[in-house]
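Here is a short tour to read alongside the sequence and the coordinates. Please keep the viewer open as you go.

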Amino acid sequence: MSKVDWKELENEYVCGEMSYRALANKHKIAPSRVSAVGKKQNWVKKRDKYRSNVAQATLQNARATDIKNKSQKLNNLIEAADKLAVKLNEALDDPEQLYRQILRTSSGAESVRITKKLDTRALKDFASTISTMNDTIKQLNDLTEDEDKKNVEIKIIEGKKEWAQ
């Protein structure tokens with residue numbers, strides 16, 4: 001009979017899904033012997049701890065991926081807001097911007113005419129753009145605040161408050 005490598009069996013049990021009996025059958029050892037060694041060396045507790053560690057690592061990886069995805073979304077929103085702000089400033093720097101009218105003929109040709117009358121549609125478009133930028137900024141803040149809110153939450157358990165991280 002060959003010598004049993006108990007460290008190998010322990011590792012196989014702790015990191016795997018096999019029962020003591022299945023492990024004993026695989027290595028052609030008496031199940032009672034595997035059970036006795038496993039109990040003596042706390043293999044069940046070690047398996048539980050290992051599974052807990054794996055679950056925590058998986059959760060941390062999922063959070064890191066989620067943070068990375070949200071970070072990319074934030075960067076995209078910031079870039080879009082920056083481009084929008086540049087175009088808005090360019091338009092507002094033009095003193096004739098709100099007095100310019102584009103006329104289309106029946107043939108589809110366009111001509112531009114500067115008038116003394118304020119183009120209220122253009123003014124509404126500017127206001128809408130500013131409102132959209134404001135909403136974008138709020139979205140940026142909400143995304144970052146949501147992460148902060150997730151980090152600290154109040155749990156009410158059995159009538160008492162507990163702080164959880």
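## A walk through the model

At 52% relative accessibility, Ile-102 counts as exposed, since the cut-off for that class is over 50%. Ile-102 belongs to strand 1, which covers residues 100-104.

The average pLDDT of the protein chain is 81, and 83% of the residues score at least 70. Over residues 151-165, however, the pLDDT is below 50, and this stretch has 17 contacts in the model beyond near neighbours in sequence. Where pLDDT is low, the predicted coordinates should not be read in detail.

### The overall layout

Five helices and four strands make up the secondary structure of the protein chain. Read from the N terminus, the order is α-α-α-α-β-β-α-β-β. Of the 165 residues in the protein chain, 18% are buried. The accessible surface is about 13200 Å², and carbon and sulfur atoms account for 53% of it. If you take the contacts between residues at least 6 apart in sequence, 44% of them join residues at least 24 apart.

### Helix 1 and its cover

Which residues of helix 1 are buried? They are Trp-6, Leu-9, Glu-10, Glu-12, Tyr-13 and Val-14. The cover over these residues includes helix 2, helix 3 and helix 4.

Leaving aside residues up to four places away in sequence, Glu-12 touches Met-18, Leu-23, Lys-26 and His-27.

### Helix 3, buried on one side

Helix 3 runs over residues 31-40, and its buried residues are Val-34, Ser-35, Val-37 and Gly-38. These residues lie on the same side of helix 3, because they cover an arc of only 170° around the axis. They pack against helix 1, helix 2 (20-27) and helix 4 (43-93). On the face turned away from the buried side, you will find the exposed residues Ser-32, Lys-39 and Lys-40. Just after helix 3, Asn-42 adopts a positive phi of about 60°.

### Salt bridges

Side chains of opposite charge can pair when their charged atoms come close. How many salt bridges does the model have? The count comes to nine. The table shows three of them, including two that involve Glu-10.

| Residue | Partner | Closest N and O atoms |
|---|---|---|
| Glu-10 | Lys-7 | 3.4 Å |
| Lys-46 | Glu-10 | 2.6 Å |
| Arg-100 | Glu-96 | 3.7 Å |

Arg-100 and Glu-96 are both partly exposed: Arg-100 has a relative accessibility of 24%, and Glu-96 has a relative accessible area of 38%. Elsewhere, salt bridges that share partners join Lys-7, Glu-10 and Lys-46 into one network.

Glu-10 is buried, with a relative accessible area of 9%. Lys-7, at 60% relative accessibility, counts as exposed, whereas Lys-46 is partly exposed, with a relative accessible area of 34%.

The two bridges of Glu-10 also span the sequence in their own ways. Glu-10 and Lys-7 both sit in helix 1, three residues apart, which is about one turn of the helix. An α-helix has 3.6 residues a turn, so residues three or four places apart point the same way. The other bridge of Glu-10 goes to Lys-46, with the closest N and O atoms 2.6 Å apart. Because Lys-46 lies in helix 4 and Glu-10 in helix 1, this pair ties together parts that are 36 residues apart in sequence.

Definitions and conventions
Residues are numbered from 1 along each chain as its sequence is written. This is a predicted model: local features need pLDDT of at least 70, side-chain atom pairs count only at pLDDT 80 or more; totals for chains, interfaces and linings use all residues. Side-chain values use heavy atoms; hydrogens and water are left out. Buried means under 20% relative accessible area, exposed over 50%, partly exposed in between (1.4 Å probe, protein chains only). Contact means heavy atoms within 4.5 Å. Accessible areas come from the Shrake-Rupley method with a 1.4 Å probe; for residues, only the protein chains shown count as cover. The arc is that of the directions from the helix axis to the C-beta atoms. A salt bridge is a side-chain nitrogen of Lys or Arg within 4 Å of a carboxyl oxygen of Asp or Glu. pLDDT is the predictor's confidence in each residue, from 0 to 100.
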